[in-house]
Amino acid sequence: MELAAVPYRLEISTTSNELTLLREGVETRTFPVAAGHADQPRYGRFAYGLFTYSEVLNEFGGSHCCILMASADITALTELLPLGTPVVIS
């Protein structure tokens with residue numbers, strides 16, 4: 001099953017600790033984020049499951065890290081973003 005194109009994209013910078021929401025290529029909002037660690041798991045009301053793809057890497061090293069957000073911020077995103085929204089983490 002192929003997903004329809006979605007107008008949204010998320011870009012997460014682990015350097016600046018920001019998540020940027022883009023709609024049709026235009027930055028619409030930013031959210032503060034933090035990188036989690038496997039030895040300090042945190043679970044909230046929502047979690048995005050991500051499929052990983054890379055044109056360069058063919059292996060992913062068992063990382064269990066996550067991107068942490070405030071509950072109100074992730075709630076706002078889950079109400080807005082459709083399945084298939086691309087997420088880029090750099």
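Entry 1, contacts of L10. I began by asking which residues L10 touches, leaving out those up to four places away in sequence. My list came out as L19, T20, L21, L77, L81, T85, P86, V87 and V88. This is a predicted model, so I kept an eye on confidence as I went.

I found L77 in helix α1, which covers residues 71-80. L10 and L77 lie 67 residues apart in sequence, yet their C-alpha atoms are 9.9 Å apart in space. Is L77 buried or exposed? L77 has a relative accessible area of 1%, so I noted it as buried, the cut-off for that being under 20%.

Next I looked up the largest nonpolar core and got nine residues. They are Y8, L10, I12, L19, L21, F31, V33, L77 and L81. Strands β1 (8-13) and β2 (18-23) each bring at least two residues to this core. Which element gives the most? I wrote down β1, with three residues.

I then stepped back to the layout. The protein has six strands and one helix, and from the N terminus the order reads β-β-β-β-β-α-β. Of the 90 residues, 20% are buried. I also checked contacts between residues at least 6 apart in sequence: 62% of these join residues at least 24 apart. The exposed surface comes to about 7000 Å², with carbon and sulfur atoms supplying 53% of it.

How many salt bridges does a search of the whole structure find? I got one. The side chains of R9 and E11 form it, at 2.9 Å from N to O. As a reminder to myself, side chains of opposite charge can pair when their charged atoms come close. E11 has a relative accessible area of 31%, so I put it down as partly exposed. R9 is partly exposed as well, because its value is 34%; the band for that label runs between 20% and 50%.

The mean pLDDT of the protein is 76, and 62% of its residues reach 70 or more. Among the elements, strand β3 (residues 26-32) has the highest mean, 95, while strand β4 (residues 34-35) has the lowest, 77. Where pLDDT is low, the predicted coordinates should not be read in detail.

Note on methods:
Residues are numbered from 1 along each chain as its sequence is written. This is a predicted model: local features need pLDDT of at least 70, side-chain atom pairs count only at pLDDT 80 or more; totals for chains, interfaces and linings use all residues. Side-chain values use heavy atoms; hydrogens and water are left out. Helices (H or I, at least four residues) and strands (E, at least two) are DSSP runs, numbered from the N terminus. Buried means under 20% relative accessible area, exposed over 50%, partly exposed in between (1.4 Å probe, protein chains only). Contact means heavy atoms within 4.5 Å. Accessible areas come from the Shrake-Rupley method with a 1.4 Å probe; for residues, only the protein chains shown count as cover. A nonpolar core is a set of buried Ala, Val, Leu, Ile, Met, Phe, Trp, Tyr and Cys residues joined through side-chain atoms within 4.5 Å. pLDDT is the predictor's confidence in each residue, from 0 to 100. A salt bridge is a side-chain nitrogen of Lys or Arg within 4 Å of a carboxyl oxygen of Asp or Glu.
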